[in-house]
Amino acid sequence: MQPVLTAEQMRRIDRASIDGLGLPGAVLMESAGRAVACAVVEFDLTADCRRPVVLCGKGNNGGDGFVAARWLTEHCEPGWPKVFLAGSLEALTGAAATMARVAVACGLNVLELEKSGLDPLKDALGRANLVLDALLGTGAAGAPRGLVGAVIDLLAGWTRPLVAVDAPSGVQMDDGQAPGACLSADLTVTFGYLKVGHLIQPGRALCGEVVLADIGFPEAAEAGLEFDTFLTDSLDVGLNFPPREPDSHKGDYGRVLVVGGSTGLTGAPVMAAQSAMTIGAGLVTAAPPASLNAVFEAKLTEVMSAPLPDSGLGYLAAGALEPLLKRLSAGVDVLALGPGLGRAPETADLVRELVGRLECPAVLDADGLNAFEGCAERLSGCKAPLVITPHPGEMGRLSGLSAAQIKADPLRVARGFAMSHGLVLVLKGNPSLIADRDGRVVINPTGGPSLAKGGSGDVLTGMIAGLLAQGLEPFEAAVCAVYLHGLCADLAAKKLSEYCVSATELLRVLPEAINSVSAEAYGTE
């Protein structure tokens, strides 16, 4: 999997390349600026770059901008690009100062906004058709202030293309947050490694399309760094779908028990069970309240049913605990618990008791999670491997955090909860995050607004359970299921539009999604 860096980790790689390995900073800057110019020119397939304004800051990001401006000159109208420095040339240091001198020596007119004020920039923006933002880099934190803040404010009404160097100014690369005024890019060019802020909202949206440029960081510069955040891709997932052995049978691919359902909520466990079967589990059984079993029998064909003691009101009774434990001990490999279960106090008590006595891996979702509101510490008492799949609302109920707190730093929230409770956590969203008990977090690149439909989470629960049943480790199963779940949504949205993708449609395109990732891994269709 591809590591995703914080600003500090990127600084350490930069310094190790320059100070430790002797690679001149000006060489890296030249490669970076040229990569930006190439990306802008290629972007010209949809955007006219003959009259660009290049905005440079006082740091290395600005140095990249000076290089890019120089390389863009041959593609521009005479007198363009217009280059503006949010500062003064005399204050520049290091490689940025070098590249500014080279740009001036090559005939570029660098206008110092500290001396000229903003009027020349206003005039240039009125005639420009593209802005290159090289004001602030990956290390910037907090709301932009002073001259840079004024430039960002000036661009508030800019509607033509904007290309950012490393990050749109005002977007923090450690967490993707924008604590003050910020720019919104159509294209962001970054170097060597993706950063957290490229992938976490709102940074993900503000960066637009992200191009990752290789500018020659030596591999040895990573020495001593321990990465704990990653981005998965189709190859990572596809390698977990090898061709099946010719003489294999259903018992080789695991047994899943789906426990859920209550009056009015029978669809959720049905979709979870069908999902586990579709992704490849050998045998799947749904265990509903006995009074609803006829509904399940009518809805399900390949999936078996095993009715459990009922309260008489369409939800599981406390008396279901012992029959459940007996069934689990009789050959169930994975339990999926929670879809459509309802929030009756009696059922919630059963859930908490059951989780504390589990001996097989389990996926806990929906009302299976809501049962632990105010007592999440009881999740730590589960001796068996546990995967939980909260959306932000459920995460708030489990953690006691507000929606704003979770949204402000979902990576930290997911990592901290998984580590402190010793489980795998899927924090659903755009993007979804998968956190392991050892502190690793995978950011998932697939999926989007088409998943904003009731039932999509139930399908994900079944997918994770089905992969667990086939022998994947909990973290691995969650990463693969979340990727495929999002890929199903992407494939379906292309055919139906983002508005029309139902949860059951995800199941219809799941074979196509699996074939797609398997083909990349094994060269087969």
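This is a predicted model: local features need pLDDT of at least 70, side-chain atom pairs count only at pLDDT 80 or more; totals for chains, interfaces and linings use all residues.
Strands of a sheet pair through backbone hydrogen bonds, either parallel or antiparallel. Strand 1 (residues 2–5) and strand 10 (residues 229–231) take the antiparallel sense, over two bridges. Within this pair, Q2 stands opposite L231 of strand 10.

Salt bridges come next. The whole structure contains 20 of them. One of these joins K115 to E90, with the closest N and O atoms 3.1 Å apart. K115 lies in helix 5 (residues 113–116), whereas E90 lies in the loop between strand 3 (82–85) and helix 4 (94–105). The pair therefore ties together parts that are 25 residues apart in sequence. Both K115 and E90 are exposed. A network of salt bridges links E90, E112 and K115.

A salt bridge also forms between the side chains of E322 and R357, at 3.4 Å from N to O. This pair links distant parts of the chain, 35 residues apart. E322 belongs to helix 13 (residues 321–328). R357 is in the loop between helix 14 (345–356) and strand 15. Both residues are partly exposed: the relative accessible area is 47% for E322 and 37% for R357.

R508 and E505 form a further salt bridge, and their closest N and O atoms are 2.8 Å apart. Both residues lie in helix 21 (residues 503–522). They are three residues apart, so about one helical turn separates them. R508 is exposed, with a relative accessible area of 54%. E505 counts as buried because its relative accessibility is 14%, and buried means under 20%.

L235, L239 and Y522 make a nonpolar surface patch of about 250 Å². L239 is placed in the loop between helix 10 (234–238) and strand 11 (255–259). The relative accessible area of L239 is 48%, so this residue is partly exposed.

Note on methods
Residues are numbered from 1 along each chain as its sequence is written. Side-chain values use heavy atoms; hydrogens and water are left out. Patches are made of residues with over 30% relative accessible area and no salt bridge: like charges are joined within 9 Å, nonpolar side chains (Val, Leu, Ile, Met, Phe, Trp, Tyr) within 5 Å. Accessible areas come from the Shrake-Rupley method with a 1.4 Å probe; for residues, only the protein chains shown count as cover. A salt bridge is a side-chain nitrogen of Lys or Arg within 4 Å of a carboxyl oxygen of Asp or Glu. Helices (H or I, at least four residues) and strands (E, at least two) are DSSP runs, numbered from the N terminus. Buried means under 20% relative accessible area, exposed over 50%, partly exposed in between (1.4 Å probe, protein chains only). Two strands pair if DSSP finds at least two bridges between them.
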